Amino acid sequence: MIADTPALSPRPGDPAHRPELPGGEPGDRRDELDLAQLWSGLRRSLRWILAAAVVGAGLTYLVSSQQPPVFEATTTLSTSALPVVTTARDAVVTVPPLPPGALEDVLSGATIMEALIGRVQRSPELPATRRAALSEALRAEYRQHALRTVTLDSQVDGAGIGLYFLTARGQSPSEAAVLADLSAQTLVAWDQGRAVATVTRDQGRVSAQLRDLQRQLANPELGSAQRQILQASQGSLQRALAQIQVQRQGTSGSLEFLSSAVTAMTPVSPRPTRNAAVVGVVLVLLAGGVTALRVVADTTIRREDDLRDLGWPVLGSVSGSGRSRRQRRAAAPDHAGSLGFLAVTLQRRLGPATGQVVMVTACADDEDTAALTTALASELARAGSRVLLVDADVSGSDPIQATEHGAAPQDAQGRGRGVQTLAHALADPSHAEPPEITPGVHLLPAGRDLALSLPTRQQDAALDALLTRWSTAYDLILVRGSSLQRPASVVLGARVQHVLLVVRTGRWSAGAIRQSLVRAQGAGLAVTGLVLLDAGAPRGVRWARRATVQGR
């Protein structure tokens, strides 16, 4: 028998039997980033991440395809620092180029944009409907300080000398080219006006000086010497004014056309394929990042290492056998192996003593402990132990029935002899005769009135008597108890030597399990270890029936 194997853990009642909950030991790995766990979480959410990316990319492609095409045309301007005017004082006057960035601000101002809007409205090369639409768009953009239809890029040095690239957008190639040329003409005209304004200021200053001299010369009391000096100054100012008027005719600004707009035949937007690809990649990165953050912050129990981090021994992990018939056949060896490993580990924990009582419980009522307890009993019986399976769950969820585990009806009822439910056995302990449902496994179902019997202290003596008598008749008593949320679990757990806590993967966080262990420890329950139940494990009696048949 497996029960003859020496024990690997302290006996119940020893101080070392109940480990202290971890509080941040050096070996605690809860604050470490597990790349394998991170990849596992990303892989679980991979289909949703890809689905979100595909849906987002598809919607982006459809929306982009419905947008009107946009064409671009670019006109190039150049700047220089050549002298352009002459004044009376100096030989030449240079109109300096604007500093870097200044022309961009000029373009977005009301003066240039209103002048451009006027040129657009008067342009015969644009349809009337487009002239009105472009005028409204340009006026709205410069008022919002967000130019999109006309933009300016520059390649100039610190002195403002270099190239300016004026780009215009339109719904057709010709519209973009016309708008780019009109914008360039508006800027050149403004720069020309800036140069003329410089000459005009000089002309006004000289004219004012001439008027002042003429006023002085009109004075009859002026002496001959002073009159000659004033007449000489008047002649100089008249020559300077004539020279300014001549130079004004040839004045030009610092901006010059370098190349006119070239009609583009390929639209720059929309680009549905590019937009869809960008949105898809962004959604994958965004969804992956959110998933990674959730995985890092997630403390849900998903594997044995998560349970071991709590500081309690993990006796085994029972894997599921799939949902479909083909999946169950494929996973049957792994399922049987995991149950066998759990049975061996439990026997090694129990030691050589016989008649020990083990209660299987969980954190909630719907953890399917009935199937696991029945399968474990069958596996222990298969190894040679005589096992009594007691259903002491007062919740009434998924009760263990003898007829569901391979026993004939007449055998399950014990041919009419004795009491065959735990509720009746507590009322009449001397006549409790559990029927044998499969070789080596006897079953005592819960009964309908167990919820009224087990939690009361009046049944303490009867329960103690039953456990004492069964301990001499069986190698192991396996009790399917209520969840730790019910007082009945504490009543029964105080009378057993070992408690197994079943944890289903993907449902409970580490904090919830730790709280349940603290509650069990405070109630005096001897928690021997934890059992991890894979979320893929089937729920219900089919699993238990397969395990029972294997135990025959």
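Biologist: Which order do the strands of the open sheet of four strands have, and what is the pairing?

Modeller: This is a predicted model. In the open sheet of four strands, the order is β4-β5-β1-β6 and the pairing is antiparallel.

Biologist: Which strands are the edge strands of that sheet?

Modeller: β4 (150-156) and β6 (255-259) are the edge strands, and each pairs on one side only. From one strand to the next, the twist averages 30°.

Biologist: How many bridges join strand β1 to β6?

Modeller: Strand β1 (residues 71-79) is joined to β6 by four bridges, and the two run antiparallel. To find the place in the structure, take Ser78, which stands opposite Glu256 in β6.

Biologist: Which helix lies across β1, β4, β5 and β6?

Modeller: That is helix α6 (residues 173-217), which runs at about 25° to β1.

Biologist: What is the strand order in the open sheet of eight strands?

Modeller: There the order is β7-β14-β13-β8-β12-β9-β11-β10, with mixed pairing. Its edge strands, β7 (314-318) and β10 (436-438), each pair on one side only. On average, neighbouring strands of this sheet are turned by 25° against each other, direction ignored.

Biologist: In which sense do β8 and β12 pair, parallel or antiparallel?

Modeller: Strand β8 (residues 356-362) pairs with strand β12 (residues 476-481) in the parallel sense, over five bridges. One place to look is Gln356, whose bridge partner in β12 is Leu476.

Biologist: At what angle to β12 do helix α11 and helix α15 run?

Modeller: Helix α11 (residues 369-382) runs at about 170° to β12. Among the strands that α11 lies across are β7, β8 and β14 (527-533). Helix α15 (residues 460-473) runs at about 140° to β12 and lies across β8, β9, β11 and β12.

Biologist: What describes two packed helices?

Modeller: The angle between their axes and the distance between the axes describe two packed helices. As a case, take helix α1 (residues 35-44) and helix α8 (residues 272-297): their axes come within 9 Å and cross at roughly 130°. Therefore α1 and α8 are oblique to each other. The crossing in which α1 passes α8 is right-handed.

Biologist: Which residues of α1 and α8 make the contact?

Modeller: From α1, Gln37, Leu38, Gly41 and Leu42 take part; from α8, Gly288, Thr291, Ala292, Val295 and Val296 do. By class, the residues of the contact of α1 with α8 are five nonpolar, four polar and no charged.

Note on methods
Residues are numbered from 1 along each chain as its sequence is written. This is a predicted model: local features need pLDDT of at least 70, side-chain atom pairs count only at pLDDT 80 or more; totals for chains, interfaces and linings use all residues. Side-chain values use heavy atoms; hydrogens and water are left out. Axes are lines fitted to C-alpha atoms, for helices over the stretch in contact, and angles run from 0 to 180 degrees between N-to-C directions. Angles under 35 degrees count as roughly parallel, over 145 as roughly antiparallel, 65 to 115 as roughly perpendicular and the rest as oblique. A crossing is left-handed if the near helix is turned anticlockwise from the far one by less than a right angle, and right-handed if clockwise. Contact means heavy atoms within 4.5 Å. Ala, Val, Leu, Ile, Met, Phe, Trp, Tyr, Cys and Pro count as nonpolar, Asp, Glu, Lys and Arg as charged, and the others, Gly among them, as polar. Two strands pair if DSSP finds at least two bridges between them.
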